[in-house]
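Notebook open, model loaded. I wanted a quick look at what sits inside this fold and how a few of the pieces pair up.

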Amino acid sequence: MQVSQLYIYPIKSCGAIACPNIRVTSHGLAGDRQMMLVNAQGQFMTQRDYPQMTKVQVNLTADTLTLEYENFDPLVLQPTLEGKLHPVQVWRTQTLAIDQGEPVAEWFQRVLKLDHPCRLVHQSPHHPRAIDSKYAITENDTVSFADGYPILLTNTASLEDLNRRLRQTYPQAPPQFPMNRFRPNIVIETNEPFGEDRWQTVTIGPVELELVKPCSRCIIITTNQITGERNPQREPLKTLATFRQQPGGLMFGCNVIPKTLGEIEVGSQMRLTIKN
């Protein structure tokens, strides 16, 4: 088994960046989901309500982001940690985040055709966001603006199994879905579908990761990550419901917390420990 893909999403629910290697920090992969869009009340905005967010392409350099959307003029942003602090909310957690200014807020409102104001905010290093204590492995575990956990891990055999079931359900014109529907950080190449259900830890190079909770899936996986269009049959969510219903939802992939930090890269072999 080895790492086959690595991804970060600098702005929550916007476009992915594939990485040949990446540094694992205490709150996730470096640069992952450090920013997000919020509405005027500080509530986080995602593809659940705004599927067109996936069409925002994000290009990252050492100190700038270039944002592109269809035929609109690109916007170059230099993220700041010195802006105004806003109260923001991601699910049930609240924190303070740093406003990134008027030009980028206006750009997002225009390109996404929003009928309400929005702000782009950056996570504040002085206002960490804690992981749900029920699943944290230490009292100091923190997370970015990801839904709840620092890193999302998926496995290639699980996707192959799902697509096989879709071929059986739709023999005339089976939809086949790529891994980007599940917006993972780390993709493991393996031949054991849903093997992560029984993995306790994964070690990649110097980094040890603890698997703490299966990942419950929502309407986002029905969204084409290139076009922003939703699958009219609600696939692959509908098929996932036939065999991956567990307490807490329809599960695909696993949420993990770093136990040790360091750099990982595509092609790295991995070691496992199995749950008792």
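Started just past helix α1, where Lys113 has a positive phi of about 55°. Noting for myself that this is a predicted model.

Went back into the helix next. Which residues of α1 are buried? I get Val104, Ala105, Trp107, Phe108 and Val111.

Then I checked the nonpolar cores. The largest one holds 45 residues, and Val56, Leu67, Phe108, Leu112, Ile186, Ile204 and Ile264 have the most contacts inside it. Helix α1 (residues 102–111) contributes the most to this core, with four residues. Another core, of 16 residues, lies apart from it; Leu159, Leu166, Met179 and Ile221 are among its members.

Leaving aside residues up to four places away in sequence, Leu112 touches Leu37, Gln52, Met53, Val56 and Tyr69.

Last, the strands. β9 (residues 85–90) and β10 (residues 93–99) run antiparallel, joined by six bridges, and Pro87 stands opposite Leu96 in β10. The two strands make a hairpin with two residues between them, and Trp91 in the turn has a positive phi of about 50°. β10 also pairs antiparallel with β11 through three bridges; there I see Ala97 opposite Gln123 in β11.

Note on methods
Residues are numbered from 1 along each chain as its sequence is written. This is a predicted model: local features need pLDDT of at least 70, side-chain atom pairs count only at pLDDT 80 or more; totals for chains, interfaces and linings use all residues. Side-chain values use heavy atoms; hydrogens and water are left out. A nonpolar core is a set of buried Ala, Val, Leu, Ile, Met, Phe, Trp, Tyr and Cys residues joined through side-chain atoms within 4.5 Å. Buried means under 20% relative accessible area, exposed over 50%, partly exposed in between (1.4 Å probe, protein chains only). Contact means heavy atoms within 4.5 Å. Two strands pair if DSSP finds at least two bridges between them.
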